[in-house]
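Here is a colleague's note for someone meeting this structure for the first time. The points below may be read with the sequence and the model side by side.

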Amino acid sequence: MLDNEYKILVVDDAKDTQMLLDFDLTAAGYKVTCCDCGEDALSILETQEIDLILLDMYMPGLSGLETLVKVKAIDISADIPVIMLSASNDEDEVVAALEYGAGDYVIKPYVAKVLLARIRTAIRLKEKTAQLEYLAKTDFLTGINNRGSFFELSTNALNLANRVGHSFVVAMFDIDFFKPINDNYGHDAGDQVLRVFSRALADAFRGYDIIGRVGGEEFAVCLPNTSIEHAYIACERFREYIEQLRLVLTTDIDKEVVINITVSIGLVLAQNKVITIDELLKQADTALYYAKEHGRNQVVDAGLINKEKDVDNSSSLTQDDNLALKVIDINNNDSSDVNVNEYNKDSNEMTKFDGIDFDIGVNNVLGDESLYKEILIMFYQDHHQDGDKLFAAIKSKDNDSIKHIAHTLKGVACSVGAMDLFEVTKAVDIAVNEGQEDELEGLYLQLSPQLNRVMQSIKVNLGLSE
Ligand code: GH3
Ligand code: MG
């Protein structure tokens with residue numbers, strides 16, 4: 001920056017000193033703003049960007065020291081270097097000023113050359129400090145927050161969200177099959193991918209979302225004041241954007257290659273006020289791991305996995321427990337009791353599930369058939385009315401509800417192995433997110449028979465009574 005781009009605020013009640021300083025500083029190339037008292041200085045600092053303050057020690061109203069204390073106590077001005085000016089060289093006064101945060105002290109009448117040298121030094125020092133702070137907080141490769149800075153900023157944001165009662169979502173991102181890029185094209189090509197990926201993250205998320213590189217090819221984003229549904233949509237949009245990107249990389253033998261990458265994303269809603277960022281990242285990481293295990297290139301909400309874990313806990317109930325689960329009837333909306341033993345009697349029945357790929361579903365729960373059956377019951381219980389809900393939402397053009405129903409149903413259909421239902425729900429999800437509202441009714445007509453087929457087969461095979 002050239003000297004004439006720096007702005008200096010002169011605070012002195014003596015008009016002659018103000019004029020002299022204005023003259024000398026302007027001649028040296030600085031922009032100068034003058035005022036007569038501490039009170040005016042504080043209001044100028046609220047509205048103007050100032051690079052350095054020359055502050056007179058003795059002034060009516062707020063003294064120089066009192067003004068200094070206030071300047072240093074306010075966030076916007078705390079880092080601005082202050083040089084105190086005084087007609088006396090009382091040592092106690094000098095010590096007090098330095099202790100309250102002044103950077104330097106100059107005796108009036110000042111020698112212009114000396115004052116200008118001190119101003120230059122103070123400004124350079126401030127710039128170097130800011131540069132060091134930036135380097136300490138920034139990931140050198142990508143220019144986004146490093147792990148430490150990400151944790152600091154997101155902890156503050158989480159505390160604020162807890163205080164004001166706002167929702168808070170954390171998402172973890174991991175580039176799929178990144179290692180082969182390094183292996184095939186060289187480490188520099190991998191670095192280029194990381195830079196492009198970081199820029200895309202910074203562009204895709206809002207200014208007040210907190211973005212960080214938390215591992216080699218792992219990134220995290222905190223989304224304060226965001227519902228899990230909106231966070232999911234934002235992540236899904238980002239995933240799709242990355243999927244269609246064509247990256248032009250320079251390889252280690254100076255050739256250009258065009259590649260595409262995909263990303264897996266795990267996200268979690270902070271639901272417990274005492275939870276820490278560390279804990280939230282672990283939960284998001286579990287969802288990310290789930291996404292990797294289930295084919296990569298997808299977004300997984302940890303809440304859905306937790307739901308399966310809840311089922312897992314209830315699976316400790318043995319067949320002898322004779323416990324009845326509440327299931328809402330598909331036709332009359334009444335509650336009816338279903339006996340776990342009734343649908344557990346013949347595992348061959350599992351082969352008869354229409355619209356469900358049994359192998360996919362059961363593999364998703366590590367081959368535990370009885371757990372899988374319980375998950376199917378939960379799936380039935382939570383989603384058998386989704387067709388009606390979706391139809392009503394499409395009719396009333398309630399896009400938020402359409403998005404919510406489609407994205408949840410899509411995720412769960414995939415988890416239980418209802419792949420045809422998954423495909424058509426995914427089409428609804430894409431249509432509503434891309435604003436293709438004209439297509440929704442047609443897609444609903446495809447989705448509805450798939451949903452009925454899956455729900456009926458669960459109902460029949462698991463003996464869920466009317
Ligand atoms: P997955 O789909 O399971 O995530 O597979 P992956 O290959 O992406 O993941 P893996 O964890 O096996 O490999 C991550 C690689 O990222 C290994 C490491 O060498 C590389 N890596 C970590 N930091 C950097 C970096 O700063 N630059 C480059 N070029 N590579 C890095
Ligand atoms: Mg990876």
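1. Before the record is used, a word on how to read it: UniProt positions are given in the numbering used here, feature names are shortened, and annotations may be inferred rather than shown by experiment. With that caution in place, the unreviewed UniProt entry lists His407 under "modified residue: Phosphohistidine". The coordinates themselves also call for care, since this is a predicted model.

2. Where His407 sits can be described from the model. The residue belongs to helix α16, which covers residues 399-416, and His407 has a relative accessible area of 5%, which is under the 20% limit and therefore makes it buried. If neighbours within four places in sequence are set aside, His407 is in contact with Glu229, Tyr232 and Asp429.

3. For the overall picture, the protein has 466 residues, of which 48% are buried, and its secondary structure comprises 18 helices and 14 strands. Among contacts with a separation of 6 or more, 65% are between residues 24 or more positions apart. The protein exposes about 23,300 Å², and carbon and sulfur atoms supply 51% of that area.

4. The structure holds 18 salt bridges, and one of them joins the side chains of Asp176 and Lys292, with a distance of 2.7 Å from N to O. Asp176 lies in the loop between β6 (168-175) and α7 (179-185) while Lys292 lies in helix α10 (residues 277-293), so this pair ties together parts that are 116 residues apart in sequence. Both partners fall in the buried class: Asp176 has 3% relative accessibility, and Lys292 has a relative accessible area of 15%.

5. Another salt bridge links Lys179 with Asp183, whose closest N and O atoms are 3.3 Å apart. These two residues both lie in helix α7, 4 residues apart, or about one turn of the helix. Are they buried or exposed? Lys179 counts as exposed at 57% relative accessibility, and Asp183 is exposed as well, with a relative accessible area of 51%.

6. In helix α9 (residues 228-244), Arg239 and Glu243 are 4 residues apart, which means that about one helical turn separates them, and their side chains meet in a salt bridge of 3.3 Å, N to O. Arg239 is buried, with a relative accessible area of 6%, whereas Glu243 counts as partly exposed at 31% relative accessibility. Salt bridges that share partners join Glu236, Arg239, Glu240, Glu243, Lys410 and Asp429 into one network.

7. On the surface, Leu132, Tyr134 and Leu135 form a nonpolar patch with about 360 Å² of accessible area together. Leu132 lies in helix α5, residues 112-137, and with a relative accessible area of 59% it counts as exposed.

8. A last point concerns the cysteines. A disulfide is a covalent bond between the sulfur atoms of two cysteines. How many disulfides does the structure hold? The number is 0. Cys222 counts as buried at 0% relative accessibility, and Cys235 likewise counts as buried at 0%.

Conventions
Residues numbered from 1 in each chain as written. Chains lettered and ligands numbered in written order. Predicted model: local features only at pLDDT ≥ 70, side-chain atom pairs only at ≥ 80, totals over all residues. Heavy atoms only, no water. Buried < 20%, exposed > 50% of the residue type's maximum accessible area, 1.4 Å probe, protein only. Contact = heavy atoms within 4.5 Å. Disulfide = S-S within 2.5 Å. Patch = residues over 30% accessible without salt bridge, like charges linked within 9 Å, V, L, I, M, F, W, Y side chains within 5 Å. Areas by Shrake-Rupley, 256 points an atom, 1.4 Å probe, with all protein chains shown as cover. Salt bridge = Lys/Arg side-chain N within 4 Å of Asp/Glu carboxyl O.
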